Amino acid sequence: MKNLPKKHRDLLVKARELFWKFGLKRVTVEEICAESGVSKMTFYKYFANKNELAMEVLDRMFTENMARFREVMRSERTMEEKMQWQVQMKMEGTTDISQEFIKDVYGDKESEVHQFWAERTSQAIGEVMEEYRHAQEQGWIRKDMKIEFILYLVNKFFDFANDEALIAQYDTMQDVIIEINKFFLYGILPHHPAPGEAGTPSRAEQNSKG
């Protein structure tokens, strides 16, 4: 984003803040322009409409997240550390996200924004599944687990994130998403801290003692 003109960047930053807080439908082009200090004429220089802006915001979010995902998955961390990082990344990415945003993106299945989100999500999941297959080959994921089942669960989790009965049981949308992700990673059994987590010694510390 650094290579973009400042006004283009300002529109993206403020649009993301507003979309995350109020959803897509409730935010107007006029509000985005007012918050970013950019005229409507300049807005339409960069974007044909609000949906095009929303899709660029989402596209950049996906691109940044997948770059971070690749970096972590190819690092020397243990598989559990990598999975814990994914939960942490989800926490960071969902901070201040509103129920309205989730509804607008997931609920209106005919909208071009929803279709764009679904396409980018499918691409991201495909890459994530390849990383999981590699991890399974290395013995980091149970050999008897079908990777396709993981994909099925991920798709179901999108439905959960739009379930009003489930959402009503939590204080924030972020709490819902984190609960879903922790269940996905750890199931219902008590989670035992990995080396370096919650005060336990890291691998380097363990090696120095060994």
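Trainee: How many helices and strands does the protein chain have?

Mentor: The secondary structure of this predicted model comes to 11 helices and 0 strands, and from the N terminus on the elements run α-α-α-α-α-α-α-α-α-α-α.

Trainee: And what share of the residues count as buried?

Mentor: Of the 210 residues in the protein chain, 38% count as buried.

Trainee: How much of the contact is between residues 24 or more positions apart?

Mentor: If you take the contacts in the protein chain with a separation of 6 or more, then residues 24 or more positions apart account for 64% of them.

Trainee: Let's look at a pair of helices. At what angle do the axes of α1 and α2 cross?

Mentor: Helix α1 covers residues 6-22 and helix α2 covers residues 29-36, and their axes cross at roughly 120° and come within 9 Å. In general, the angle between the axes and the distance between the axes are what describe two packed helices.

Trainee: Why are α1 and α2 called oblique to each other?

Mentor: The crossing angle is roughly 120°, while roughly perpendicular is kept for 65 to 115 degrees and roughly antiparallel for angles over 145, so α1 and α2 are oblique to each other. The crossing of α1 and α2 is also right-handed.

Trainee: Which residues make that contact?

Mentor: On the α1 side they are Asp10, Leu11, Lys14, Ala15, Leu18 and Phe19, and on the α2 side they are Glu31, Ile32, Glu35 and Ser36. Sorted by class, the contact of α1 with α2 has 5 nonpolar, 1 polar and 4 charged residues.

Trainee: I see Lys14 in there. Which residue does the side chain of Lys14 meet in a salt bridge?

Mentor: The side chain of Lys14 meets that of Glu17, at 3.4 Å from N to O. Lys14 and Glu17 are 3 residues apart in helix α1, so about one helical turn separates them. Lys14 is partly exposed at a relative accessible area of 25%, and Glu17 also counts as partly exposed, at 45%.

Trainee: What lets side chains pair like that?

Mentor: As a general point, side chains of opposite charge can pair when their charged atoms come close.

Trainee: How many salt bridges does the count come to?

Mentor: The count comes to 12 salt bridges. One of them joins the side chains of Glu164 and Lys103, at 3.3 Å from N to O, and this pair links distant parts of the chain, with Glu164 in helix α9 (residues 164-167) and Lys103 in helix α6 (residues 99-107), 61 residues apart. Lys103 is partly exposed, with a relative accessible area of 35%.

Trainee: Which residues are linked in a network of salt bridges?

Mentor: Glu130, Arg133, Lys146 and Glu148 are linked in such a network. Lys146 is exposed, with a relative accessible area of 55%, whereas Glu148 is partly exposed at 43%.

Trainee: New topic: is Phe116 buried or exposed?

Mentor: Phe116, which is found in helix α7 (residues 112-137), has a relative accessible area of 18%, and because buried means under 20%, Phe116 counts as buried.

Trainee: What does Phe116 touch?

Mentor: Leaving aside residues up to four places away in sequence, Phe116 touches Met55, Leu58 and Asp59. Met55 and Phe116 are 61 residues apart along the chain, and their C-alpha atoms are separated by 6.9 Å.

Notes
Residues numbered from 1 in each chain as written. Predicted model: local features only at pLDDT ≥ 70, side-chain atom pairs only at ≥ 80, totals over all residues. Heavy atoms only, no water. Axes fitted to C-alpha atoms, helices over the stretch in contact; angles between N-to-C directions. Helix = DSSP H or I, 4+ residues; strand = E, 2+ residues; numbered from the N terminus. Parallel < 35°, antiparallel > 145°, perpendicular 65-115°, else oblique. Left-handed = near helix turned anticlockwise from the far one by under 90°. Contact = heavy atoms within 4.5 Å. Nonpolar A, V, L, I, M, F, W, Y, C, P; charged D, E, K, R; others polar. Salt bridge = Lys/Arg side-chain N within 4 Å of Asp/Glu carboxyl O. Buried < 20%, exposed > 50% of the residue type's maximum accessible area, 1.4 Å probe, protein only.
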